[in-house]
Amino acid sequence: MTDFSANNHATTEAEMGDYFALLKPRVMSLVVFTALVGLLVAPVPVHPFLGFVAILCIAVGAGASGALNMWWDADIDAVMKRTAGRPIPSGRVAPGEALGIGVALSGFSILLLGLATNFLAAALLAFTIFFYLVVYSMWLKRATPQNIVIGGAAGAFPPMIGWAVATGGVSIESLLMFALIFMWTPPHFWALALFVKSDYGRAGVPMLTETHGRDATRRHVLVYTLLLVPVALGLGLTSIGGPVYMAVAVVMNAWFLKGAVDIWRRDDAACEADRHRVEINVFKVSLYYLFAHFGALLAEAALRLYGLGGWSW
Amino acid sequence: MVIRVEHELHERRKGRNAGVGLLLAGFIAIVFGLTVVKVMQLGDIRQFETFDHAPRPQLIPQTEVVE
């Protein structure tokens with residue numbers, strides 16, 4: 001150990017990649033995609049460079065909330081096998097460093113987004129970071145098995161921010177894009193929880209599969225999927241929807257709903273017998289589901305450039 | 001003899017230093033690009049030149065007198 005590292009709390013020196021891992025890059029990719037769609041489907045064109053900076057700010061803001069989440073949840077992460085290798089529990093990054101990076105990047109992304117575009121978009125980004133850190137991580141996550149339901153809102157804001165970047169406002173279209181991700185998160189996550197053996201219980205985090213049992217979780221998957229369908233179809237009737245989106249939505253919702261019904265009809269014996277084949281399938285379908293819906297919105301926007309998108313032609 | 005002030009810390013932190021350098025360069029590029037785009041979006045620059053509190057008749061659009 002040198003004189004320069006004597007006061008370092010981390011046991012090994014952090015590389016650039018460790019700081020990048022703090023930003024949860026995999027979550028960031030979904031945020032970037034949905035925010036970009038929100039920005040591109042809006043009826044107001046945005047200068048490409050301003051659009052690029054806006055998406056960068058949203059991505060950095062999402063990354064900052066990831067770093068703050070890792071700082072707060074370091075004790076839980078250290079207990080669970082899946083997260084024990086993260087930069088803080090593994091000792092590569094000190095908790096204070098993660099906090100500093102999270103706070104600095106939050107301030108940077110919010111301020112730059114406000115200056116580059118508008119302050120409604122910046123306020124929405126600030127609220128998203130606040131929601132993820134305070135409402136989800138600090139309050140709900142350790143308190144209720146419904147944590148994923150309300151906490152999912154944090155992941156649902158990006159398309160709304162993208163829309164606000166372009167239009168400077170909030171509208172029924174952006175609210176429905178928010179609602180689509182918000183309602184999609186619980187069945188997506190619980191389908192995963194049904195086939196992944198987690199150690200949330202050991203870490204003191206209440207998960208529906210452990211607090212209310214797997215049958216209750218199966219019912220929840222079905223109910224939330226049923227609630228998701230009208231939101232997804234309703235979005236198709238707004239100014240950013242159209243026949244292409246509607247066709248995709250009908251197919252994907254029928255597919256997802258069939259999977260949710262299949263899950264609801266099963267019991268633990270059936271799951272063990274086929275090694276959670278249905279649950280794994282539904283989880284995969286849920287990923288295609290979100291990608292297809294936002295992809296279809298993008299296709300409608302592209303068709304609109306040629307006078308073909310939407311319901312008007 | 002070449003004077004070299006080298007410490008093992010320099011080698012150890014090479015990746016981090018390069019990363020920070022790249023981030024700073026990226027930040028400068030973003031601020032520069034934003035400035036260019038924002039200024040280009042201002043429109044006719046002559047409207048700002050008239051705000052210097054000194055009368056400059058040459059900037060006032062000439063109008064033909066219609067009889």
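Let's start with the two domains of chain A. The C-alpha centres of domain 1 of chain A and domain 2 of chain A are 22 Å apart. This is a predicted model, so keep that in mind throughout. The domain assignment places domain 1 of chain A at 14–170 and domain 2 of chain A at 172–313.

How many residues does each domain put into the contact? Domain 1 of chain A puts in 26 residues, and domain 2 of chain A puts in 25 residues. Look at the domain 1 side. Five helices of chain A each supply at least two residues there: α2 (25–41), α4 (74–79), α7 (147–151), α8 (153–156) and α9 (158–167). Which of them gives the most? That is α2(A), with 6 residues. The side of domain 1 of chain A that touches domain 2 of chain A has 18 nonpolar residues, 5 polar and 3 charged.

Next, helix packing in chain A. Two packed helices are described by the angle between their axes and the distance between the axes. I have two pairs to show.

Pair one is α6 and α9. Helix α6 of chain A covers residues 119–140. The axes of α6(A) and α9(A) come within 8 Å, and they cross at roughly 165°. An angle over 145 degrees counts as roughly antiparallel, so that is the label for α6(A) and α9(A). The crossing of α6(A) past α9(A) is left-handed. Which residues meet? From α6(A) we have A:L120, A:A121, A:L124 and A:L125. Facing them in α9(A) are A:M160, A:I161, A:A164 and A:V165. By class, this contact of α6(A) with α9(A) has 8 nonpolar residues, no polar and no charged. Remember α9(A) from the domain contact: this helix also supplies at least two residues to the side of domain 1 that touches domain 2.

Pair two is α3 and α5. Helix α5 of chain A runs over residues 95–116. The axes of α3(A) and α5(A) lie 8 Å apart, and the helices pack at an angle of about 155°. These two are therefore roughly antiparallel to each other as well. Their crossing is left-handed. What classes of residue make up this contact? The contact of α3(A) with α5(A) has 20 nonpolar residues and 5 polar, and no charged ones.

α3(A), residues 48–72, provides the largest share of the side of chain A that touches chain B, with 3 residues. Overall, 10 residues of chain A are in contact with 10 residues of chain B. The chain A side splits into 6 nonpolar, 2 polar and 2 charged residues.

So what does chain B look like? It has 3 helices and 0 strands. Along the sequence, chain B reads α-α-α. How much of chain B counts as buried? The figure is 0% of its 67 residues.

You will find B:R56 in the segment after α3 (46–49) of chain B.

Terms used: Residues numbered from 1 in each chain as written. Chains lettered and ligands numbered in written order. Predicted model: local features only at pLDDT ≥ 70, side-chain atom pairs only at ≥ 80, totals over all residues. Domains from an automatic or database assignment. Contact = placed C-beta atoms within 7 Å. Helix = DSSP H or I, 4+ residues; strand = E, 2+ residues; numbered from the N terminus. Nonpolar A, V, L, I, M, F, W, Y, C, P; charged D, E, K, R; others polar. Axes fitted to C-alpha atoms, helices over the stretch in contact; angles between N-to-C directions. Parallel < 35°, antiparallel > 145°, perpendicular 65-115°, else oblique. Left-handed = near helix turned anticlockwise from the far one by under 90°. Buried ≥ 20, exposed ≤ 12 C-beta atoms within 10 Å, placed from the backbone.
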